[in-house]
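Thanks for making the time this morning. I would like to walk you through one structure, and please keep it in view while I talk.

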Amino acid sequence: MNEKQNIGSLFDRIAKTYDVLNHGLSLNIDRRWRRKAVASMQPARRVLDVAIGTADLTIEMLRQGKAVQVTGIDLSTEMMAIGEEKIIREKAKGRMDESAEVEFVYGNAQEMPYEEGSFDAVTCAFGCRNFADLDAGLREMHRVLRPGGQVVILEFSYPGNPIIRKMYDIYFSYILPFIGRIVSHDKTAYTYLNRSVKGFVWGEAFVQHLHDIGFVHEHFTPLTLGIATVYMARKKG
Ligand SMILES: C[S@@+](CC[C@H](N)C(=O)[O-])C[C@H]1O[C@@H](n2cnc3c(N)ncnc32)[C@H](O)[C@@H]1O
C-alpha cells in the first residue's frame with residue numbers, strides 16, 4: 001500500500017501534535033488563511049467539509065456564521081476525535097452557536113456516501129494534495145454539491161518570487177521535517193508532508209482540473225505571497 005492509500009493511519013499517528021505543529025510552524029498564518037477562505041464564502045445551510053481533520057475550517061465557518069449544519073468526512077478517526085472535542089469546547093466557551101450541528105463521518109473523499117446534490121457548499125482545507133487521485137476527489141465534490149452550490153478549496157501552492165520560493169523550499173525540505181519529527185515522534189509523516197506539497201498542482205493548473213471536472217466560475221486567490229491559495233468555483237445551476 002502506498003503512503004497516499006495509507007493516509008488515514010499517517011494522520012492518526014500525528015493527530016495529537018497536528019494543531020500545535022500547524023499553528024506553531026506557520027506562526028499562526030494558517031489561521032489567517034482559513035479565516036480568509038471562509039470570509040470569501042457565501043453563507044450556506046448544509047456544508048460538507050472534506051478532510052475535516054481536527055475541524056479548524058469548520059470551526060471558522062461556524063464562528064463566521066457561514067454554515068448551519070456541517071458534515072465532516074475524513075480517513076483519520078484520531079484527527080476527528082480531536083475535532084469533536086474542540087467543537088464541544090468552542091460551544092462551552094460561547095464562541096459558536098449552541099445549535100450548530102457538526103457530524104463527523106469516517107470515509108474517503110474519493111468515494112463519498114452521499115446522494116447527488118446533498119450539500120449547498122463543499123469545502124476542503126489542505127486535504128486535496130493527499131488524495132491518491134485528485135480528480136476522483138474533485139468529481140465527488142462536484143457530484144454531492146447542489147446545482148449552483150459553491151466549492152471552496154484551500155491548499156498550499158508555490159510562491160512566484162524566486163527568493164521566497166527558495167526559503168519555502170528550505171522550510172519544507174529541512175525545517176518542517178526536522179521539527180515535525182521531534183515534536184510528533186514520527187519519523188516519516190513530515191517528510192511525506194514535504195513531498196506532498198512539492199509534487200502538487202497549483203494556481204492555473206489546479207483551476208484547469210476544476211474546469212475539466214465541470215465546475216464553472218472557477219477562480220483563485222493566492223495568499224501570503226502565494227504560499228497558499230484559495231480556489232473557488234460553482235456547480236452549474
Ligand atoms: C493536513 S490535514 C487538514 C485538516 C483540516 N482540513 C485542516 O484544515 O487543518 C489533511 C486531512 O485530510 C485527510 N484526508 C487525506 N486524504 C483523505 C481522503 N482521501 N479522504 C478523506 N480524508 C482524507 C487526512 O486524514 C487529514 O485529516
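Predicted model: local features only at pLDDT ≥ 70, side-chain atom pairs only at ≥ 80, totals over all residues.

Residues are numbered from 1 along each chain as its sequence is written, and side-chain values use heavy atoms, with hydrogens and water left out.

Let me begin with the salt bridges, by which I mean a side-chain nitrogen of Lys or Arg within 4 Å of a carboxyl oxygen of Asp or Glu. How many salt bridges does that rule give? The count comes to 11.

One of them joins the side chains of Asp 186 and Arg 13, at 2.5 Å from N to O. Asp 186 sits in the loop between helix H6 (162–184) and helix H7 (189–198), whereas Arg 13 belongs to helix H1 (residues 7–25), so this pair ties together parts that are 173 residues apart in sequence. Helices here are DSSP runs of H or I with at least four residues, numbered from the N terminus. For burial, I call a residue buried under 20% relative accessible area, exposed over 50%, and partly exposed in between, using a 1.4 Å probe and protein chains only. On that scale Asp 186 is buried at 8%, and Arg 13 is partly exposed at 44%.

A second bridge, between Arg 63 and Glu 90, has an N to O distance of 3.0 Å. This pair also links distant parts of the chain, with Arg 63 in helix H3 (residues 56–63) and Glu 90 in helix H4 (residues 77–92), 27 residues apart. Arg 63 is partly exposed, with a relative accessible area of 42%, and Glu 90 is buried, at 7%.

Glu 140 is buried at 11%, and Arg 143 is partly exposed at 25%. There is also a network of salt bridges that links Asp 19, Asp 30, Arg 34, Asp 56 and Lys 86.

Now to the cysteines. How many disulfides does the structure hold? It holds 0, where a disulfide is a pair of cysteine sulfur atoms within 2.5 Å.

Finally, the surface. Arg 31, Arg 32, Arg 35 and Lys 36 form a positive patch. Patches are made of residues with over 30% relative accessible area and no salt bridge, with like charges joined within 9 Å and nonpolar side chains (Val, Leu, Ile, Met, Phe, Trp, Tyr) within 5 Å. Lys and Arg count as positive and Asp and Glu as negative, with His and the chain ends not counted.

Notes: Areas by Shrake-Rupley, 256 points an atom, 1.4 Å probe, with all protein chains shown as cover. Charge placed at Lys NZ, Arg CZ, Asp CG, Glu CD. Helix = DSSP H or I, 4+ residues; strand = E, 2+ residues; numbered from the N terminus.
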